[in-house]
Amino acid sequence: MFGPHFYHQKVRKCVAAFGSLFTNLYILRKDATGNVISTIRVPLAYAPRDKYIERIQGIQDIQRDTAVALKLPRMSFEITSYIYDDTRQLQKLNKTFHNNTIDDNGSKKDVVTRSVPYNITFSLTVYAKAQDDALQVVEQILPFFSPQYTLTMKPFDEYDDILEDIPITLQGVSYLADFEGPMEQRSVLQYVLDFEMKTAFYGPIDAGKSVIQKSIVNYDVNDDDSDEFAFSVEYTPKFFSLTPSDPGFQGYNTTYIGDSDL
């Protein structure tokens with residue numbers, strides 16, 4: 001219906017990039033004198049928040065069960081929504097070009113014909129049975145979002161030199177505590193951090209498209225109906241002879257044909 005099959009794995013890349021921000025968080029346990037007695041890395045998983053709450057609530061004694069002690073503190077995150085962002089929508093004919101890997105002289109380009117901006121919202125939840133454990137995790141996150149943090153992603157596996165900046169905004173932090181039943185049996189502290197990731201989804205890649213290599217503009221300084229032109233100007237894009245790192249890569253080579261002093 002919509003053309004050839006394509007799959008840029010954009011959502012998977014966004015999930016992996018978001019999760020990588022929180023994979024190296026630790027909490028320290030100290031004795032009464034302030035000496036560190038243990039360092040615990042906080043595990044992270046992509047899973048619904050309700051999944052962990054249900055598992056934890058199924059334990060009869062969360063304070064004594066050693067299996068649960070290994071699971072808390074921990075974190076999980078999930079995608080909560082996809083929202084179209086019309087404020088970032090580019091002109092419909094906007095295209096992304098890349099040199100065709102087979103064509104050496106640059107006369108052909110690989111073209112991505114469309115991109116659609118979307119905001120993906122994530123919910124990151126910190127679980128802990130001790131308030132200080134949860135606060136240690138949250139405090140290691142908040143200073144890096146003021147309220148935005150930007151990471152760079154490669155949207156296409158085929159082209160390593162095409163990069164996309166992805167802003168991630170912390171929208172809010174909420175605190176939840178589950179104290180149903182006796183305090184010694186049910187005590188799950190939760191901090192929920194809501195994030196918004198601004199990204200874009202791209203359409204299929206049209207490989208090997210021919211590009212305009214020359215443009216000729218004819219100038220007629222005479223106010224008559226003759227078919228003769230006073231002079232012509234030929235424009236040739238410089239990217240056929242330069243690399244992207246060269247000065248003037250985006251410019252044109254200009255050749256005058258005829259009397260350009262008229």
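Buried here means under 20% relative accessible area, exposed means over 50%, and partly exposed is in between, using a 1.4 Å probe and protein chains only.

Before I go on, a word about what we have on screen. This is a predicted model, where local features need pLDDT of at least 70 and side-chain atom pairs count only at pLDDT 80 or more, while totals for chains, interfaces and linings use all residues. Residues are numbered from 1 along each chain as its sequence is written, and side-chain values use heavy atoms, with hydrogens and water left out.

Now, which side chain does Lys 10 meet in a salt bridge? The partner is Glu 164, at 2.9 Å from N to O. By salt bridge I mean a side-chain nitrogen of Lys or Arg within 4 Å of a carboxyl oxygen of Asp or Glu. Lys 10 sits in helix H1 (residues 10-20) and Glu 164 in strand E9 (residues 164-178), so this pair links parts of the chain that are 154 residues apart. Helices (H or I, at least four residues) and strands (E, at least two) are DSSP runs, numbered from the N terminus.

Let's stay with Glu 164 for a moment. At 9% relative accessibility, Glu 164 counts as buried too. Its side chain also has a polar atom 3.5 Å from the backbone nitrogen of Ala 200. Leaving aside neighbours within four places in sequence, Glu 164 is in contact with several residues, among them Leu 151, Met 153, Pro 155 and Tyr 202. Contact means heavy atoms within 4.5 Å.

On to a second salt bridge. Arg 29 pairs with Asp 133, and their closest N and O atoms are 2.7 Å apart. Once again distant parts of the chain are linked: Arg 29 is in strand E1 (residues 26-30), Asp 133 is in helix H4 (residues 131-139), and 104 residues separate them.

Strand E1 pairs with strand E2 (residues 36-41) in the antiparallel sense, over 5 bridges. Two strands pair if DSSP finds at least two bridges between them. The bridge partner of Arg 29 in E2 is Ser 38. The hairpin has 5 residues between its two strands, and Gly 34 in the turn has a positive phi of about 90 degrees.

Arg 88 is partly exposed at 27%, and Asp 85 is buried at 6%. These two belong to a network of salt bridges that links Asp 85, Arg 88, Glu 196 and Lys 198.

Let me finish with the whole chain. How many salt bridges does the structure hold? There are 6. The protein chain has 4 helices and 14 strands, and 34% of its 262 residues count as buried. Among contacts with a separation of 6 or more, residues 24 or more positions apart account for 64%. Finally, the accessible surface comes to about 16200 Å², and 51% of that belongs to carbon and sulfur atoms. Those areas come from the Shrake-Rupley method with a 1.4 Å probe; for residues, only the protein chains shown count as cover.

Conventions: Polar contact = N/O pair within 3.5 Å; in protein donor to acceptor, adjacent residues only side chain to side chain.
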